[in-house]
Structures are given as structure tokens and as C-alpha cells.
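Here is a short briefing on one structure. Please look at the sequence and the model before reading the points.

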Number of protein chains: 2
Amino acid sequence: MQLLEEAIKSRGTVYPGNILKVDGFLNHQIDPDILRAIGEEVYRLYRDAGVTKILTIEASGIAIAAICAQFFNVPMVFAKKSASSNISKTVYKTTVHSYTHNRDYEVLVSKDYLKKDDVVLIVDDFLSNGAALTGLIDLVKQAGAALAGAAIAIEKSFQPGGRTLRAQGVRIESLAIVESMDDGNIVFARG
Amino acid sequence: MQLLEEAIKSRGTVYPGNILKVDGFLNHQIDPDILRAIGEEVYRLYRDAGVTKILTIEASGIAIAAICAQFFNVPMVFAKKSASSNISKTVYKTTVHSYTHNRDYEVLVSKDYLKKDDVVLIVDDFLSNGAALTGLIDLVKQAGAALAGAAIAIEKSFQPGGRTLRAQGVRIESLAIVESMDDGNIVFARG
């Protein structure tokens, strides 16, 4: 997606440890035009997939999920990272490893909001090692729901998440695929 | 806002401790029609306020902020609840008390995304004791930015947040105001 690739090139910053910082337009401050374009493109890709629910994980997936839910006109659900007294006691749970923070955390979705007749589209801002996406897929499986696939804003294809999950048959559509970013030089994969 | 009040009545649940659970349509699963209507109404209320930025706090304010940012066509920023290695080291910080979890937490916004020429509209899902809103206002003040006001989906007017902050001159527009919910009977304030 050209608008997103341009924003990554002009407004993204590469830090040591394969960190691509896009806080200026995607996951701390969020650009309204880029967000709308992401929603449009995800809808174009999955409009015929029968999606009944958008699923993401807090916090940086929520804005993307919210805009996608507007295009699909279906509810969105965000998985919560820790138990809350405001949440139903009947939840699906899984464990996700955060490479950024180097720890495991528990992720929850209420059983009320993922049902076996749902067709779920998972959306997230990044796909690197695939930990969050693997956890979200596990929640969909626990619910007995169908998985339409995943829509990711930025995939780092030099990390194994996308390759591993596609090999398991998961449909993954990434709007910008970073093939390498050695010495801060961001190179995108071409279709 | 009628659609929101109807959803609170039909899909909300009152729990002991003045907890109003609206996880089914506002802050775990999010209804796309209600979210769109919130965005429209917030835009109607603040369209002439010169808003340049929408500010909220993770996680349950993000979807509302994202839709509002679409209507205003300005960037949104969400304050983060803990330090992250993915965030700039130059941040505005404040401390917020969570009554739900009964603890204090630190809230951060990068100095890159709140500037002194910004006119900021704060949005959030709930206003009860006003802790989160007070913290967000503090971040706006630290940045030297102007505060257009706050837009809140659900205010509990029997708790002191709204009264206290309005007395300080803050413009607060709440789309549904719950006056009481004794014995699970939700009563809305009438303008």
C-alpha cells in the first residue's frame, strides 16, 4: 500500500534490535488519512470472506480494528492483556510472549463476544515473530469460530512470524512488507 | 444521545460498587453503529472549536478517539500506561489513580505529538471520579497546548469527576449521563 510505505520511509525510524518505530502515524499518534486508507484496503482484500467480527489485541491494534469494523460494518473485539474486574469471568485465555518487553502475558476475550458461528478477521499493526497473531488465532480456535485470515499493517518478512503461519495455512495480508532494514535502509518486498 | 442510552439500558449491566458494564458494545466488543454515532455527535458538539488533535488513554478510549479523529480529520494520540522501549525518551508524564484496579499508574505522551500550538479534544469512554481526565488535562497543560474540552461517552454524574472539572472551567460534553443506578435501575439525567 503506497501511502503506508511512503509514511514508513519518510516518518519511520529504525532502531537497533530490528525495531521499526512508527509512533508518529500508526501506534502512538495515528494519522487519520493513513488509518482510513488501511481500513479501505483491508476491506478490499477481505470483503468477500464473510467476516462477522474483527479481532485485535490491545493497545496498538485497536484503532486499526475500529476503522476496519466501520468498513465491514461488523463488531470489533479487542483481546485484553490482563484480568480486569470489569470483565466477565467466562473468558478464553492464551499466553503471548512479548519480544519488545521480553515477558509473557495473558490475553483474554470474553466468551460472550467470540462465538462458533463467527467468521473472524484478525487485524494488528505489526507482524514480526508472530506471537500476538498466534495467540489471537488460538482464541479463535478455542471459540470454535472460523478464521477468515489476518490483515497486518506492517510485516517484517525477515522475522519468522508470517512465514510460519502461512505455512500452517493461515491467510495473511500485509499492507507493507519490510524485507530488510539493515543500517536503517528500509527495503519493501515487491508482490 | 438516544442510541447510546438505549444500548446502556438494553445491553449494559450494573454490578456492585457502582460498576456499569458496557463490554458488549463499548469497551471490549465495540458496536460499529454506536461507535459511528458517537463520532458524529462529538463532531457536532466540537466542530467549531478549532480542534487539531484528539487525545485519549489506552485502551478503552482508543476506538472512540479513532472514530472522532476520522470525523475531525485530525491526528489522534493515545497516552500510554507504562514505559515502553518503543517510545521516545522525551515524554510528558503524569500519574493516574485507577479506582477499578485500586492502584496508581504512570501515563505518558511523547513530546513529539502534543505541541503548544495544538488545540486538544480529550475523549474517553467513561467519566466517574475524573482521574483519567485529570491526568490527560495535566498532559495538555505540560505541553502548553490549548484544551478545547472533553467528550465522554458515559458520565456517572453521581460521582464527582464531572462536577469538579466543570467547576474548574473545563468544557465537558457527555453523550449519556447516568444520574443514578441504584438496584440496577439506570436513570439518565435530562438536559
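The model is predicted.

**Interface of chain A and chain B**
- In this model, 41 residues of chain A are in contact with 41 residues of chain B.
- About 3,400 Å² of area is buried between chain A and chain B, and carbon and sulfur atoms give 53% of this area.
- Several elements of chain A each supply at least two residues of the side that touches chain B, among them β2 (19–21), α3 (32–46) and β7 (103–110).
- The element α4(A) gives the most to this side, with six residues.
- By type, the residues of chain A on this side divide into 20 nonpolar, 14 polar and seven charged.

**Strands that pair between the chains**
- Strand β3(A) runs antiparallel to β5 (residues 76–79) of chain B, and two bridges join them.
- Within this pair, Gln29(A) has Val77(B) as its bridge partner.

**A hairpin in chain B**
- Strands β6 (residues 91–98) and β7 (residues 103–110) of chain B run antiparallel and are joined by eight bridges.
- Ser98(B) stands opposite Arg103(B).
- The two strands form a hairpin with four residues between them, and Asn102(B) in the turn has a positive phi of about 50°.

**Leu20(B)**
- Leu20(B) lies in strand β2 (residues 19–21) of chain B.
- Leu20(B) has a relative accessible area of 3%, so it is buried.
- Leu20(B) touches residues including Ile8(B), Phe126(B) and Met181(B).
- Leu20(B) and Ile8(B) are 12 residues apart along the chain, and their C-alpha atoms are separated by 8.7 Å.

Note on methods:
Residues numbered from 1 in each chain as written. Chains lettered and ligands numbered in written order. Predicted model: local features only at pLDDT ≥ 70, side-chain atom pairs only at ≥ 80, totals over all residues. Heavy atoms only, no water. Buried < 20%, exposed > 50% of the residue type's maximum accessible area, 1.4 Å probe, protein only. Contact = heavy atoms within 4.5 Å. Pairing = 2+ DSSP bridges. Buried area = accessible area lost by both parts, 1.4 Å probe. Nonpolar A, V, L, I, M, F, W, Y, C, P; charged D, E, K, R; others polar. Lists of a residue's contacts leave out its neighbours within four places in sequence.
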